[in-house]
Amino acid sequence: MDSWFLKNLGDALMAFDEQAQLETLFNDAYQQAGCPEDMTAFVRHESDGRLHCEVKVYFPPNTAVLAQSLGAVACPKPSPEGLGILAGSADPWHLLFPQ
């Protein structure tokens with residue numbers, strides 16, 4: 001499966017608790033999986049031209065089952081521009097965004 005997954009947490013001012021909960025759940029699953037170096041959840045604030053930005057969490061294809069259990073939906077691979085690491089591996093860039 002090549003699909004990435006997206007969970008939109010909504011308004012950045014209101015998303016803090018849900019983002020923290022998602023980070024905890026993902027890190028627990030990451031630990032249980034043996035800390036694979038390509039298992040990461042990314043986060044980015046996106047405005048899409050609106051006044052307020054939304055918090056969007058992106059999951060790579062290898063996390064499909066977990067991502068879907070967290071309510072994420074399939075999406076195209078995001079641009080790495082502006083992505084930050086929310087949870088999981090601290091250095092997945094070379095694996096998930098090869099040049």
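Me: Is Trp4 buried or exposed, going by its relative accessibility?

Reply: Trp4 counts as buried, because its relative accessibility is 3%. Buried means under 20% relative accessible area, exposed means over 50%, and partly exposed is in between (1.4 Å probe, protein chains only). One heads-up: this is a predicted model, where local features need pLDDT of at least 70, side-chain atom pairs count only at pLDDT 80 or more, and totals for chains, interfaces and linings use all residues. Residues are numbered from 1 along each chain as its sequence is written, and side-chain values use heavy atoms, with hydrogens and water left out.

Me: How many aromatic pairs are there?

Reply: A pair of aromatic rings is described by the distance of the centres and the angle of the planes. Rings of Phe, Tyr and Trp (its six-membered ring) pair if their centres lie within 6.5 Å; planes under 30 degrees apart count as stacked, over 60 as edge-to-face and the rest as tilted. The count here comes to six aromatic pairs. In one of them, the ring centres of Trp4 and Phe97 are 5.5 Å apart with planes at 35°, so that pair is tilted.

Me: Which parts of the chain does the pair of Trp4 and Phe97 tie together?

Reply: Helices (H or I, at least four residues) and strands (E, at least two) are DSSP runs, numbered from the N terminus. Trp4 lies in strand β1 (residues 4-11) and Phe97 in the segment after α3 (93-96), so the pair ties together parts 93 residues apart in sequence. Phe97 is buried too, at 13%.

Me: What about Phe42 and Trp93, how are their rings placed?

Reply: Their centres are 5.1 Å apart and their planes at 55°, so this pair is tilted. Phe42 sits in strand β2 (residues 40-46) and Trp93 in helix α3. Phe42 is buried at 0%, while Trp93 is partly exposed at 29%. Put together, Trp4, Phe42, Trp93 and Phe97 form one aromatic cluster.

Me: And how many salt bridges does the whole structure have?

Reply: Side chains of opposite charge can pair when their charged atoms come close. A salt bridge is a side-chain nitrogen of Lys or Arg within 4 Å of a carboxyl oxygen of Asp or Glu. The search finds three. One joins Glu18 and Lys7 (3.4 Å, N to O); Glu18 is partly exposed at 33%, but Lys7 is buried at 15%.

Me: Which residues are linked in a network of salt bridges?

Reply: Arg44, Glu46 and Lys56 are. Arg44 meets Glu46 with the closest N and O atoms 2.8 Å apart, and Glu46 meets Lys56 at 3.3 Å. Glu46 is in strand β2 and Lys56 in strand β3 (residues 54-59), 10 residues apart.
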